[in-house]
Each structure stands twice: as C-alpha cells, then as structure tokens.
Amino acid sequence: MLNVLFTGNKYVFRGMALGILSILKKTEEPITFHIMTMACPWDKAEKLSKDYFDKIYDVVKILSPESKMVYYDISEDFTREFLNSPNRKPPYTPASLIRLFALRYITCDYLLYFDCDTMCYNSLSVYNDIDISNYEMGVSLDYLGRNWLKADYFNSGSMYINVKMCNETRLFERAIDYLNKKKLFFADQTALYRLSKKRLYLPMKFNEQRSVKPDTVIKHFNKGVKYLPIPRSYNVKQWQVTKVHKKLKIFEFDDIYELYDTYFNDIWPLDR
Ligand SMILES: [Mn+2]
C-alpha cells in the first residue's frame, strides 16, 4: 500500500482535499493518507481540526473504501523543538516545518510527501517502479533554485522518502537540530538539501512546477516568475479556480473541481 503524507494548518483544507481527490481519481490501489497538523503559540493559524479531517475521511471512504486516513496533532512536539529556534517564524508559515517531524510518528517503508499546493495527474503507482532502496529520498529539482542557488537544489514539495534509511542517517532529526542553530530562508528545504547525502533525482514529472504535460504525475502550484513583458512573480494555488483557468491556462483538473464541489462546496467553496 502507498503511504502519502500531507501536512498543514486549517487554511490548506481545500488544497489538501483537492490533492487527495486527485490522487484517488487517478490511482487505483488503496492508499494510507497521513495528515499532520499543529498549532503553535507564536502563530495565529489554527490547526486543521479533527472535524475537517473527518469530513475528508468520509469522502475517502466513499471513493476508495480500502484506503485509510490517520490524523496527527504534533503541536506539543513542534512547540518544544522550535520555541527558541531562529527559524520559528519562517517566511511562509511555521506549518511548513511540520514535514520534518513525520518520521517520529509514521512507520512504513516508503513515504510520499506532497505539499498541499499539489495535484495528482497520473497514477501514483508509478512510484512502485522506482528503486530508492540505496537513497534517502527521491526528489526533483527546484525550477528556480537550480538556476539561482545551486544546480542540484531540489524542491521539497514532493519527496519520495526511504523511511528506513532516513531513520538510520537521522536526516530529519538532524534537520530539526540544524534549524535550531542556523537561520535559513527556505528553512526545511535548505536544511534537507544541505544534510541529505544520498538523493535520487527524479524527472520533473514528479514535481512539475510549470505546465501540466501528459505524463505529469504531480503538478505543483508553487511560486513562479514570468519574464515578459517585465519580470514578475506569480503565486496561483489550485483552489483559485478562475486564476488557474485564466492566468495559468490549466484545465486538466476540472473533473477534480467538480468532485470537490459535490462533496465540499458547503464546507468551504473554491475561489471562482
Ligand atoms: Mn508548495
């Protein structure tokens, strides 16, 4: 069974629900979804409530009766570790650091981590054919960082994690320690980049940061830059349906938006 991790606070409910719906629509085999959330004293964001989790789980049971979902609230653990850290307020949100705690709670052989601004476009079963037994993780390059930072700078929004090896090398624990000593801009991503020794670089279709292609597995709606007529950054998320259509010209997920409307529209409608 594939194990998939999503992390975040209450405000990514729609992204999480859309990501899960897209995975279930494209992937036949059952999946265990691990959902980790937290609230911390210095951040106003609320955690994703158990109530919201249950609403997603109810739909998962309908669409994929053999799939499972597990809820983790890591508030205490996170607060203890990051209380005095120079990275306690990263530029995005403290919730972006939750992924570093995953292996304290999750036991499985291989774990897929996806940001809540990702959507699945082809079956996740392709990961079963990728051998990362000799690597800590499989990752794809960061579209902008590979040019501006380092040629092999990867994007941590989609990671195929070898749990056993990461437990042996203590990669995620060392990343938490590292962030307690050193302030970094892309905190978790740069810590994992600097500390991981054995990475398998996967094709960009596993973390597509631009247009969706026929073989795209994961489309990541992360920040991008348009160069013409003048360089400017854009940041359109998949729940901003009108912008996805008009600005990104992406229509490949319209069936998923319909599914979302069916099950979640009265809880939290998409932006149109
Ligand atoms: Mn992202």
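This is a predicted model: local features need pLDDT of at least 70, side-chain atom pairs count only at pLDDT 80 or more; totals for chains, interfaces and linings use all residues.
Visitor: At what angle do the axes of α7 and α8 cross?
Guide: Helix α7 covers residues 171-179 and helix α8 covers residues 187-195, and their axes come within 9 Å. The two helices are therefore oblique to each other, a word kept for angles that are not under 35 degrees (roughly parallel), over 145 (roughly antiparallel) or 65 to 115 (roughly perpendicular). Between the axes (lines fitted to C-alpha atoms over the stretch in contact, with angles from 0 to 180 degrees between N-to-C directions), the crossing is at roughly 120°.

Visitor: Which residues of α8 do the residues of α7 meet?
Guide: Contact here requires C-beta atoms, placed from the backbone, within 7 Å. On the α7 side the residues are Leu171, Arg174, Ala175, Tyr178 and Leu179, and in α8 they meet Ala187, Asp188, Ala191, Leu192 and Leu195.

Visitor: What do the buried residues of α8 pack against?
Guide: Helix α8 is mostly covered, with seven of its nine residues buried (20 or more other C-beta atoms within 10 Å; 12 or fewer is exposed, in between partly exposed). These are Ala187, Asp188, Gln189, Thr190, Ala191, Leu192 and Tyr193. Their packing partners are β7 (154-162) and α7.

Visitor: Which residues does phenylalanine 253 touch?
Guide: Phenylalanine 253 sits in the loop between α9 (241-246) and α10 (254-264), and it is buried because 24 other C-beta atoms lie within 10 Å. Its C-alpha atom and that of cysteine 120, which is 133 residues apart along the chain, are separated by 9.0 Å. Leaving out residues up to four places away in sequence, phenylalanine 253 touches Ser22, Met119 and Gln238.

Visitor: How far apart in space are methionine 16 and alanine 151?
Guide: Methionine 16 belongs to helix α1 (residues 13-26) and is buried, since 24 other C-beta atoms lie within 10 Å. Not counting residues up to four places away in sequence, methionine 16 touches Phe6, Gly8, Ile56 and Cys116. Methionine 16 and alanine 151 are 135 residues apart in sequence, and their C-alpha to C-alpha separation in space is 30 Å.

Methods: Residues are numbered from 1 along each chain as its sequence is written. Helices (H or I, at least four residues) and strands (E, at least two) are DSSP runs, numbered from the N terminus. Two residues are in contact if their C-beta atoms, placed from the backbone, lie within 7 Å.
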